[in-house]
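Subject: Structure handover

Hello,

Here is the structure I promised to pass on to you. Please open it alongside this note, and I will go through what turned up.

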Amino acid sequence: MTFYKRNLPHWQPPGASYFITFRLAGTLPKIALDELRLEKQKLQALHKHSFPSDKALQEFIYKKLFMKIEDYLDKGHHGPTWLKDPKMAQIIKDSLHFKDGTDYFLFAYCIMSNHVHLVFQHIAGGMEPNKVNEYPITKILASLKKYTGRRCNSYLGRTGHQFWQNESYDHVIRDSDELHRIVHYTLSNPVKANLVEHWREWPYSYCISEFQDLF
């Protein structure tokens, strides 16, 4: 099992199913980032003896902070909301489907105005069949962000500007029950944001046919 850390910890077992969220650069104001840092410190102090390992504690904190970040993003009060543009959303959609069946099996996604939720099962060895990839999700996301960032910046007439935030949220899905809950959460994002009444009405969502009748 692979572990790496930038701002928060990530575990990347090859062949696992993942829930991933990534956002546009500049979508969290400084006050929000300061609040998240304070919240992280508070959670570490409050729960430092509540978990059997530091890894378990960090994963707990990771999930708590993610929900706060998600709340900020859904409000969309700060930073760019370029993905509202259908042409830019289509760039993301096409890119997500392009690697489906080679690097991952795509379960679901939802493209919001300033962030993307993605659920897939990684195909071990997909990017480099003859080589074990120690950081499979890191490489998949780096490739996806590089390509879509370049395409979207070109559409915006920008050069030399960061399009995506470097840090992403990724969570290893443990079992089929959790997979169903996360797919439902992903598809419900525009409903929760009061953009549509049913997830099928949102043009920038996708779900494999096997799951569609469940939600």
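Let me start with a question: which residue does arginine 37 form a salt bridge with? The partner is aspartate 34, and the closest N and O atoms of the two are 2.5 Å apart. Before going further, please keep in mind that this is a predicted model, and everything below is computed from it.

**Salt bridges**

Aspartate 34 has another partner as well: the side chain of lysine 30 meets it in a salt bridge, at 2.8 Å from N to O. Together, Lys30, Asp34 and Arg37 are linked in a network of salt bridges. The spacing along helix 1 is worth a look. Lysine 30 and aspartate 34 are separated by about one helical turn, because they sit four residues apart in helix 1, which covers residues 30-47. Arginine 37 and aspartate 34 are three residues apart in helix 1, again about one turn of the helix.

Lysine 30 has 60% relative accessibility and so counts as exposed. Aspartate 34, at 26%, counts as partly exposed, and arginine 37 is partly exposed too, at 48%.

The structure holds four salt bridges. One of them joins the side chains of lysine 99 and aspartate 103, with 3.8 Å from N to O. Here lysine 99 is partly exposed, with a relative accessible area of 28%, whereas aspartate 103 is buried, with a relative accessible area of 4%.

**A buried arginine**

Arginine 158 may interest you. This residue lies in the loop between helix 4 (136-156) and strand 6 (169-173). Arginine 158 is buried yet has no salt bridge. Side chains of opposite charge can pair when their charged atoms come close. For arginine 158, however, the nearest side chain of opposite charge is that of aspartate 85, 12 Å away.

What does the side chain of arginine 158 reach instead? There is a polar contact of 2.8 Å with the side chain of asparagine 153, and the backbone oxygen of glutamine 162 is reached at 3.3 Å. Leaving aside residues up to four places away in sequence, arginine 158 touches Trp82, Asn153 and Phe163.

**Aromatic rings**

Two of those neighbours, Trp82 and Phe163, belong to a cluster: ring pairs link Phe22, Trp82, Phe163 and Trp164. In total the count comes to eleven aromatic pairs. One of these is stacked: the rings of tyrosine 104 and phenylalanine 120 have their centres 4.5 Å apart and their planes at 15°. Tyrosine 104 belongs to strand 4 (residues 104-111) and phenylalanine 120 to strand 5 (residues 115-122), so this pair ties together parts that are 16 residues apart in sequence. Tyrosine 104 and phenylalanine 120 are both buried.

Phenylalanine 163 and tryptophan 164 have another geometry. Their ring centres lie 5.0 Å apart with the planes at 90°, so this pair is edge-to-face. Phenylalanine 163 and tryptophan 164 are buried as well.

**The chain as a whole**

The protein chain has six helices and seven strands. From the N terminus on, the order is β-β-β-α-α-α-β-β-α-β-α-β-α. Of the 215 residues, 47% are buried. The accessible surface comes to about 11,500 Å², and carbon and sulfur atoms account for 53% of that area. Among contacts with a separation of 6 or more, 68% are between residues 24 or more positions apart.

**Two further spots**

Lysine 64 lies in helix 2 (residues 54-75) and, at 42% relative accessibility, counts as partly exposed. The C-alpha atom of lysine 64 is separated by 9.1 Å from that of glutamate 39, which is 25 residues away along the chain.

Glycine 101 is found in the loop between helix 3 (86-98) and strand 4. With 44% relative accessibility, glycine 101 is also partly exposed.

Best wishes

Terms used: Residues numbered from 1 in each chain as written. Predicted model: local features only at pLDDT ≥ 70, side-chain atom pairs only at ≥ 80, totals over all residues. Heavy atoms only, no water. Helix = DSSP H or I, 4+ residues; strand = E, 2+ residues; numbered from the N terminus. Buried < 20%, exposed > 50% of the residue type's maximum accessible area, 1.4 Å probe, protein only. Contact = heavy atoms within 4.5 Å. Areas by Shrake-Rupley, 256 points an atom, 1.4 Å probe, with all protein chains shown as cover. Phe/Tyr/Trp six-rings, centres within 6.5 Å; stacked < 30°, edge-to-face > 60°. Lys, Arg positive; Asp, Glu negative; His and termini not counted. Polar contact = N/O pair within 3.5 Å; in protein donor to acceptor, adjacent residues only side chain to side chain.
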